[in-house]
Amino acid sequence: MEKQKKQQQVEFEQVVSRGCGIDIHKKVLVATVRGTGIKEETRSYDCFTESIEKFRDWLKELEITHVAIESTGVYWKPVYNIIEDGFEVLLVNARHLKNIPGNKTDKKDSKRIAKLLLAGLLKGSFIPPRPTRNLRDVTRYKRKVVGQISSEKNRIHKFLEDANIKLSSVVSNLSGATATKIIDAIIGGQENVGELVKLRHGRMKSTVKELAAALTGKLTDHHRFMLSMVKKSIESKKLLIKELDSQIDKLLKENEMVLDIKLLSTIPGVDKDSAAYILAEIGNDMGQFPDEQHLASWAGVSPGNNESAGKKKSGRTTHGDKWLKTMIVQCAWAATRTKGTYLRSKYDSLVGRRGKKRALIAVGHKILVAAYFILKNKETYKEIGGDYLDKLNKDKQIKRHLQKLRELGVDVSHAA
């Protein structure tokens with residue numbers, strides 16, 4: 001039996017001399033060390049700072065060089081903060097470390113991570129340096145606050161509908177000048193529809209009669225109270241965004257990213273805010289990514305591979321960085337509204353046969369690839385023009401149009 005077990009074990013070539021695998025949880029971390037000249041050993045520590053420092057000292061005593069951590073929620077961060085300077089740390093995606101069901105314990109997980117680490121079979125996730133991580137925290141929180149403001153604006157619409165006031169049916173935007181004045185007047189106690197109608201902007205499409213009909217409802221003191229609370233909430237969040245913008249500008253200056261912001265802003269669809277979001281996610285050092293395709297795959301804007309038995313199945317995009325992917329798609333939407341640009345022509349060439357969503361992902365991919373080379377070479381975006389694709393496919397287009405004319409019965413022998 002012992003001989004059979006030895007035959008069943010798979011031995012890998014050792015690439016790392018001494019390493020440590022960590023299976024981490026909220027309250028405890030389980031670490032296994034193994035390698036040349038040391039005995040394999042597993043220890044458990046709680047996740048308080050003092051214990052993690054003892055764990056770090058233990059690794060230094062054993063002259064460990066590499067550490068692999070399973071990325072479990074945010075629980076890896078306290079450990080990483082303490083050991084990042086003294087070791088080469090690999091943060092490994094938990095999806096790449098799944099064990100066989102029924103054969104899983106914390107100790108076995110840590111031993112497996114250590115074994116794979118020494119064999120060089122683990123791929124670490126991209127962890128930006130501390131200054132970039134700080135910028136990322138601020139930009140992500142700002143986007144959350146912006147989303148909260150959108151939710152509050154939807155609540156205004158909800159309470160107006162509840163009061164039989166159909167203001168959203170006659171104005172294009174409840175946050176516009178006319179709608180804001182009317183809502184403020186309603187909160188202030190104004191009930192006379194005739195007075196509210198006087199706040200109408202002269203260039204408003206809806207007539208005075210239509211606006212008066214929309215403002216006739218059953219408004220109560222409860223509705224006014226709720227509307228006032230929502231408005232106060234929106235104003236407080238706007239002040240919060242101003243503070244966050246100030247902090248973002250400060251971090252960009254401290255990290256010498258102001259030039260990078262200007263360079264990224266030359267891409268159609270990318271403004272100062274979106275450039276800051278992009279930098280917060282990928283940093284300004286493109287040496288972290290082997291090439292532009294690796295960056296696109298990491299961001300989740302590249303097709304996935306799913307092939308079996310010679311058949312290609314779904315090629316849907318990978319998960320990637322959801323924050324970066326969302327921002328890139330927003331930039332792609334903005335780029336499709338530009339005129340005479342390559343990105344706009346690329347979208348138009350794809351949207352008819354692939355649909356809006358796939359076309360946007362393709363344009364977002366182009367934007368991210370451009371951002372990679374802009375940050376790598378420190379140069380501005382080079383616009384190749386909206387007619388680039390037409391020139392590239394000129395012969396194919398001529399052939400296609402001639403074929404259509406023949407189908408319509410037109411003699412094109414001389415044109416050919």
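Student: In which sense do strand β2 and strand β3 pair, and over how many bridges?

Tutor: Bear in mind that this is a predicted model. Strand β2 covers residues 28-35, and strand β3 covers residues 38-46. They pair in the antiparallel sense, over 7 bridges.

Follow the positive phi values from here. Most residues other than glycine have a negative phi. Glu63 is a residue other than glycine, yet its phi is positive, near 60°. Glu63 sits in the loop between α2 (49-61) and β4 (66-70). Is Glu63 buried or exposed? Its relative accessibility is 57%, and the cut-off for exposed is over 50%, so Glu63 counts as exposed.

Lys378 is not a glycine either, and its phi is positive at about 55°. Its place is the loop between α15 (356-377) and α16 (388-392). The relative accessible area of Lys378 is 40%. Buried needs under 20% and exposed over 50%, so Lys378 is partly exposed.

Now look at helix α14 itself, residues 342-354. Its 13 residues, at 1.5 Å a residue, should span 18 Å. The end C-alpha atoms are 18 Å apart, so the two values agree. The buried residues of α14 are Tyr342, Leu343, Ser345, Lys346, Tyr347 and Leu350. What covers these buried residues includes α13 (322-335), α15 and α16.

One more charged side chain deserves a look. Arg224 is in helix α9, residues 221-254. Its relative accessible area is 10%, and buried means under 20%, so Arg224 is buried. The side chains of Arg224 and Glu191 are joined by a polar contact of 3.0 Å. Set aside the neighbours of Arg224 within four places in sequence. Arg224 is then in contact with Ile186, Ile187, Gly189, Gln190, Glu191 and Leu219.

Definitions and conventions. Residues are numbered from 1 along each chain as its sequence is written. This is a predicted model: local features need pLDDT of at least 70, side-chain atom pairs count only at pLDDT 80 or more; totals for chains, interfaces and linings use all residues. Side-chain values use heavy atoms; hydrogens and water are left out. Helices (H or I, at least four residues) and strands (E, at least two) are DSSP runs, numbered from the N terminus. Buried means under 20% relative accessible area, exposed over 50%, partly exposed in between (1.4 Å probe, protein chains only). Two strands pair if DSSP finds at least two bridges between them. The expected span of a helix is 1.5 Å times one less than its number of residues. Contact means heavy atoms within 4.5 Å. A polar contact is a pair of N or O atoms within 3.5 Å; within protein, one must be able to donate a hydrogen and the other to accept it, and residues adjacent in sequence count only if both atoms are side-chain atoms.
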